[in-house]
Amino acid sequence: MPYELPLSSRARAQGWKVKIRDKERLEPPHATVLRRMDSWRWNLRTRTFMDADPHPREVSDEVWEALNDQYELLCTQWDSMYPENPVNAEQDDD
Amino acid sequence: MTDRIFVLGPLSAKPYNFPDANWICTTGQAEDAIAKTDKPARRWMLGEPTATLFASTPARSTSLHLVALEPVAPHRLPLLHHLFKSVIAGAELLELSELLDVVDSNRRRDLFIGGVVDLDDEVLLLYRGDFTSVLVPLAWFEPRPTVGSPDWGRFQITDFGQTLRMGEYEAAADAILYDFDPVFRREAKKRLLEKDDSFGGALRRLRLQRELRRSDFPPLTAKEVARIERGEVQKPRINTLLTLANRLGVEPEQIAEY
């Protein structure tokens with residue numbers, strides 16, 4: 001099942017969600033911030049947003065803090081869902 | 001401005017809580033609405049999908065799309081297909097308020113508004129917010145370690161068209177489009193903040209998307225695949241490209257698109 005990061009009631013009321021779904025684009029490992037029709041992929045290896053559009057500055061500070069505060073948990077969740085592409089994999093593994 | 005939409009629903013019940021819409025309930029209103037398709041009003045909610053409502057409509061519309069909220073009798077479908085540029089009927093739809101936001105959005109092409117599961121042919125037909133469609137084999141949604149297989153009897157679209165839900169299993173819309181729409185793939189790569197446009201980078205992304213290891217490309221060795229991914233092989237041989245492409249399920253020239 002998908003993992004959804006718990007957010008404050010205020011952030012949820014504003015429509016923010018952070019998810020790792022069961023079928024994602026795999027490379028690189030990431031969590032997806034969703035709000036209405038927009039989404040932002042957050043790279044779990046570099047802890048940075050991956051896409052320029054929509055601009056990462058549109059993500060609320062509260063959600064961004066939740067991503068960083070719960071970083072280890074997000075990594076654990078990703079690794080359990082995608083064991084073939086773990087967060088801490090070396091680039092040249094196999 | 002978005003294309004205009006006719007949404008068919010049972011007028012008597014008006015179960016759809018969407019205030020920003022005009023309801024059509026007579027033939028005259030339908031004629032009037034169709035005649036004004038070049039005017040600013042954008043959408044209408046249409047009552048029961050009766051043939052009489054459309055009977056006096058002279059010709060097929062070149063711009064109107066139709067979404068049926070309720071089942072449409074099979075014998076009415078030819079008429080609807082004649083009258084509208086596209087018809088979405090019998091589909092599991094995104095919640096109506098979200099659907100109308102999506103089709104008004106400038107991101108509508110990247111979001112799904114409905115889908116039909118065909119278990120006989122084992123495919124999922126997905127409708128995008130611009131009313132185009134994408135066909136996805138059910139096998140693409142492989143079982144996952146934490147959830148198992150999708151439950152196709154519980155198919156839904158949620159998150160403003162960004163997520164497909166099949167029971168406990170969720171799939172990202174962008175993952176589907178990245179695999180099945182080369183235009184989306186090109187646009188997605190343009191949006192990346194940190195770009196790796198190399199052939200090796202594309203090969204690595206596609207290999208991981210297919211959940212393959214470097215050792216899965218015989219007769220190529222894992223080391224050979226690693227050298228290509230690292231960019232140490234400037235120009236892979238054609239036989240090498242064919243081996244990679246065959247295993248990845250794409251044409252050789254498509255690898256670099258990923």
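In the hairpin of β7(B) and β8(B), four residues lie between the strands, and one residue to look for here is E122(B), which takes a positive phi near 55 degrees. The model described here is a predicted one. Among the residues concerned, F112(B) has R128(B) in β8(B) as its bridge partner.

Strand β7 (residues 112-118) of chain B also has strand β6 (residues 92-93) of chain B as a neighbour; two bridges join them, and they run antiparallel. Here L93(B) finds its bridge partner in G114(B) of β7(B). As a reminder for readers new to sheets, strands pair through backbone hydrogen bonds, in either a parallel or an antiparallel way.

Five of its strands make an open sheet with antiparallel pairing, and their order is β1-β2-β3-β4-β5 (chain A). At the edges are β1 (3-4) and β5 (48-49) of chain A, each of which pairs on one side only. Helix α3 (residues 71-81) of chain A packs on this sheet, where it touches β1, β2 (16-20), β3 (30-35) and β4 of chain A. The direction of α3(A) makes about 45 degrees with that of β2(A).

Chain B brings 40 residues to the contact and chain A brings 34 residues. Between them an area of about 3,400 Å² is buried, and carbon and sulfur atoms give 46% of this area. Polar contact joins 21 residue pairs between chain B and chain A, counting pairs with both residues at pLDDT 80 or more. On the side of chain B that touches chain A, at least two residues each come from α4 (96-104), β11 (163-166), β12 (169-172), α5 (173-180), α6 (182-191) and α7 (199-209) of chain B. Of these, α7(B) gives the most, with five residues. By type, this side of chain B holds 18 charged, 16 nonpolar and six polar residues.

Charged side chains also pair up across the interface of chain B and chain A, where eight salt bridges are found. A salt bridge to look up in the structure is that between the side chains of D101(B) and R36(A), at 3.1 Å from N to O.

Terms used
Residues are numbered from 1 along each chain as its sequence is written. Chains are lettered from A and ligands numbered from 1 in the order in which they are written. This is a predicted model: local features need pLDDT of at least 70, side-chain atom pairs count only at pLDDT 80 or more; totals for chains, interfaces and linings use all residues. Side-chain values use heavy atoms; hydrogens and water are left out. Contact means heavy atoms within 4.5 Å. Buried area is the accessible area (1.4 Å probe) that two parts lose on being put together, summed over both. A salt bridge is a side-chain nitrogen of Lys or Arg within 4 Å of a carboxyl oxygen of Asp or Glu. A polar contact is a pair of N or O atoms within 3.5 Å; within protein, one must be able to donate a hydrogen and the other to accept it, and residues adjacent in sequence count only if both atoms are side-chain atoms. Ala, Val, Leu, Ile, Met, Phe, Trp, Tyr, Cys and Pro count as nonpolar, Asp, Glu, Lys and Arg as charged, and the others, Gly among them, as polar. Two strands pair if DSSP finds at least two bridges between them. Axes are lines fitted to C-alpha atoms, for helices over the stretch in contact, and angles run from 0 to 180 degrees between N-to-C directions.
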